[in-house]
Amino acid sequence: MAKKVIGNLKLRIPGGKATAGPPVGSTLGQWGLNMMDFINPFNEQTKEFMGKNVIVHIRVYDDRTFDFKCLGQPVDDLIREKIKLDKGSGKPNTDKVGKITMAQIKEIAAVKMAQLNAIDEEGACKQIAGTARSMGVEVVE
C-alpha cells in the first residue's frame, strides 16, 4: 500500500548552502523531520547552483519520511540574470526596468521546459514572456 502524503512543501533555498536555520530548519521542524536527512543530499544535488536560489518541492509522508525534487532556478531569477537586472519593477505597467529579446526568452524556455505547463516551445516562450512583462521587463523581437 502506498504511503499517505500529509504535506507538500515548496521552498526557495540558496543552492549548495542549505543549513539547519531558517527557512529549512523551521519548516522541516514543524513536520518533525530530520533536517540533516534533507540538508546533506540537497547540498550535494545543488552544487552547480552554488549561491543561486533553487526551488525545491518536498513531499512529507505520514511515517515521518519525505522525498524532494529540485526544480532549478525560478524563471524570474533567470530573467534578471539574463538581462543583468537587480530587481523587477514595483509598477510593471508604467515603469519599465529593462528589455529582453525573444532569443533570450527561448534560451530560458529550453532550460525550464520540463517544469513549465506548456506543450511546445512556443507555449513555454509565451509563459516566460508573461513573467517578464509582470516584472516590468519589455519583450522585444
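The following conversation goes through the predicted model of this protein chain, from its overall layout to single residues.

Me: To start with, how many helices and strands are there in the protein chain?
Reply: The protein chain, in this predicted model, holds five helices and five strands. Their order along the sequence is β-α-α-β-β-α-β-α-α-β.

Me: What does the C-alpha trace span along its principal axes?
Reply: The span is about 50 × 35 × 25 Å. The protein chain has 141 residues, of which 36% are buried.

Me: And what share of the contacts with a separation of 6 or more comes from residues 24 or more positions apart?
Reply: Such residues account for 61% of those contacts.

Me: Where is Ile-6, then?
Reply: Ile-6 belongs to strand β1. Its relative accessibility is 34%, so Ile-6 counts as partly exposed.

Me: Which residues does Ile-6 touch, beyond those up to four places away in sequence?
Reply: Ile-6 touches Trp-31, Val-60, Tyr-61, Asp-62 and Arg-64.

Me: Arg-64 is on that list; where does Arg-64 lie?
Reply: Arg-64 sits in the loop between β2 and β3. Its phi is positive, near 65°, and Arg-64 is not a glycine. With a relative accessible area of 49%, Arg-64 is partly exposed.

Me: What is phi of Lys-84 near?
Reply: Phi of Lys-84 is near 55°, again a positive value in a residue other than glycine. Lys-84 follows α3 and lies in the loop between α3 and β4. Lys-84 is exposed, with a relative accessible area of 74%.

Me: On to peptide bonds: is the one from Pro-22 to Pro-23 cis or trans?
Reply: The bond from Pro-22 to Pro-23 is cis, with omega near 0°. Pro-23 is part of the loop between β1 and α1.

Me: Turning to the helices, which residues of α2 are buried?
Reply: In helix α2, residues 35-45, the buried residues are Phe-38, Ile-39, Phe-42 and Asn-43. These residues lie on the same side of α2, because they cover an arc of only 115° around the axis.

Me: Why do residues three or four places apart point the same way in an α-helix?
Reply: An α-helix has 3.6 residues a turn, so residues at that spacing point the same way.

Me: What covers the buried residues of α2?
Reply: The cover includes β1 (5-14), α1 (24-30), β2 (53-61) and β3 (66-72).

Me: Which residue caps the N-terminal end of α2?
Reply: Asn-34 is the cap, with a side-chain oxygen 3.1 Å from the backbone nitrogen of Met-36.

Me: Now α3 and α4: at what angle do they pack?
Reply: Helix α3 (residues 75-82) and helix α4 (residues 102-112) pack at about 145°, and their axes are 11 Å apart. The crossing of α3 past α4 is right-handed.

Me: Which residues make the contact?
Reply: From α3 the contact uses Val-75, Leu-78, Ile-79 and Lys-82, and from α4 it uses Gln-104, Glu-107, Ile-108, Val-111 and Lys-112. By class, five of these residues are nonpolar, one is polar and three are charged.

Me: What are the buried residues of α4?
Reply: Ile-105, Ile-108, Ala-109 and Lys-112 are the buried residues of α4. Their arc around the axis is only 105°, so they are on the same side of α4. Ala-110 and Val-111 are exposed on the other side of α4.

Me: And what do the buried residues of α4 pack against?
Reply: They pack against β3, α3, β4, α5 and β5.

Notes. Residues numbered from 1 in each chain as written. Predicted model: local features only at pLDDT ≥ 70, side-chain atom pairs only at ≥ 80, totals over all residues. Heavy atoms only, no water. Axes fitted to C-alpha atoms, helices over the stretch in contact; angles between N-to-C directions. Helix = DSSP H or I, 4+ residues; strand = E, 2+ residues; numbered from the N terminus. Left-handed = near helix turned anticlockwise from the far one by under 90°. Contact = heavy atoms within 4.5 Å. Nonpolar A, V, L, I, M, F, W, Y, C, P; charged D, E, K, R; others polar. Buried < 20%, exposed > 50% of the residue type's maximum accessible area, 1.4 Å probe, protein only. Arc of directions from axis to C-beta. Polar contact = N/O pair within 3.5 Å; in protein donor to acceptor, adjacent residues only side chain to side chain.
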